[in-house]
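Let's take a friendly walk through a protein model, from its overall plan down to a few single residues. Keep the structure open beside you as you read.

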Amino acid sequence: MKPNLFRSINDALTERFPILPRVRKGLYGLLFLSGLFLIMQCSNENIHVSVVPGKIGSYDSKTVVVYGRNAILLQGELIIANPTFLQKVLLTDTTTNLNIISLIIIGMLSIVIIRIIPKIYQHNLFRKDISASIRALGYIMIVHVWLMAFCAFYTPSIIEHLTHNAFTTHNTFPIWLAVEVYAAWIILAVASAFKRGLQLQKEQDLTV
């Protein structure tokens, strides 16, 4: 009888990484915290956004610049009172450094990984096809990058509209988004490799 290479790999993983069930419990906690912070962000009455001076506006001698119900502190922070839902989604609150889009993505990733872990741990690594779930992780990360890139380029227009073009904000593309894209492509490659491994496992079972 030929040795079952893939089952041996799976057994080695379960023996060497008994921490996986604890990781799953930790992901449940992360999912709960993401939901809690999401509720807090959605119910927040004020948003603090970091801003920089625009091309126009006289504010050098002032400690606070007021635009209706919104105010800008001397440190370059715009306080948006009673923000709209779109502003809550697109803008990142500097007081918490939390973003609604990122919180939703973290929740989605946690759910997918929670579904994957039992199939890795319970001697089923190449018995059940989880390539679709692994591929979903990569696609979710790519969607997150696109959404954050959209926010980065759309946020300045929101700030300029609120401050009558006196202030704006940086629209630079964060370097960690490029790292996330690279990680997403690696995950998609792993999904394809897993799919191939599953096919080889089935072929091996037929030849035994």
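## The overall plan

The protein chain has 6 helices and 6 strands. Starting at the N terminus, the elements come in the order α-α-β-β-β-β-β-α-α-α-β-α.

What share of the 208 residues counts as buried? In this protein chain, 39% of them do. The accessible surface of the chain comes to about 12700 Å², and 66% of that surface belongs to carbon and sulfur atoms. Now look at the contacts with a separation of 6 or more: residues 24 or more positions apart account for 78% of them.

The average over the protein chain is 77, and 72% of the residues score at least 70.

Where is confidence lowest, and where is it highest? The lowest is in helix α1 (residues 5–16), with a mean of 55, while the highest is in helix α5 (residues 131–162), at 88. Where pLDDT is low, the predicted coordinates should not be read in detail. Keep that in mind when you look at helix α1, with its mean of 55.

## A nonpolar patch on the surface

Which residues form a nonpolar patch on the surface? They are Phe32, Leu33, Leu36, Phe37 and Met40, and together they have about 470 Å² of accessible area.

Let's pick out Leu33, which is found in helix α2 (residues 20–42). Its relative accessible area is 40%, so Leu33 counts as partly exposed. To be called exposed, a residue would need over 50%.

Next, find Asn82 in the loop between β5 (77–81) and α3 (85–90). Asn82 has a positive phi of about 50 degrees, although this residue is not a glycine.

Is Asn82 buried, exposed or partly exposed? With a relative accessible area of 46%, Asn82 is partly exposed.

How many disulfides does the structure hold? The count is 0.

Cys42 has 31% relative accessibility, so it counts as partly exposed. Cys151 has 4% relative accessibility and therefore counts as buried. The cut-off for buried is under 20% relative accessible area, and Cys151, at 4%, is buried by that rule.

Notes: Residues are numbered from 1 along each chain as its sequence is written. This is a predicted model: local features need pLDDT of at least 70, side-chain atom pairs count only at pLDDT 80 or more; totals for chains, interfaces and linings use all residues. Side-chain values use heavy atoms; hydrogens and water are left out. Patches are made of residues with over 30% relative accessible area and no salt bridge: like charges are joined within 9 Å, nonpolar side chains (Val, Leu, Ile, Met, Phe, Trp, Tyr) within 5 Å. Accessible areas come from the Shrake-Rupley method with a 1.4 Å probe; for residues, only the protein chains shown count as cover. A salt bridge is a side-chain nitrogen of Lys or Arg within 4 Å of a carboxyl oxygen of Asp or Glu. Helices (H or I, at least four residues) and strands (E, at least two) are DSSP runs, numbered from the N terminus. Buried means under 20% relative accessible area, exposed over 50%, partly exposed in between (1.4 Å probe, protein chains only). A disulfide is a pair of cysteine sulfur atoms within 2.5 Å. pLDDT is the predictor's confidence in each residue, from 0 to 100. Contact means heavy atoms within 4.5 Å.
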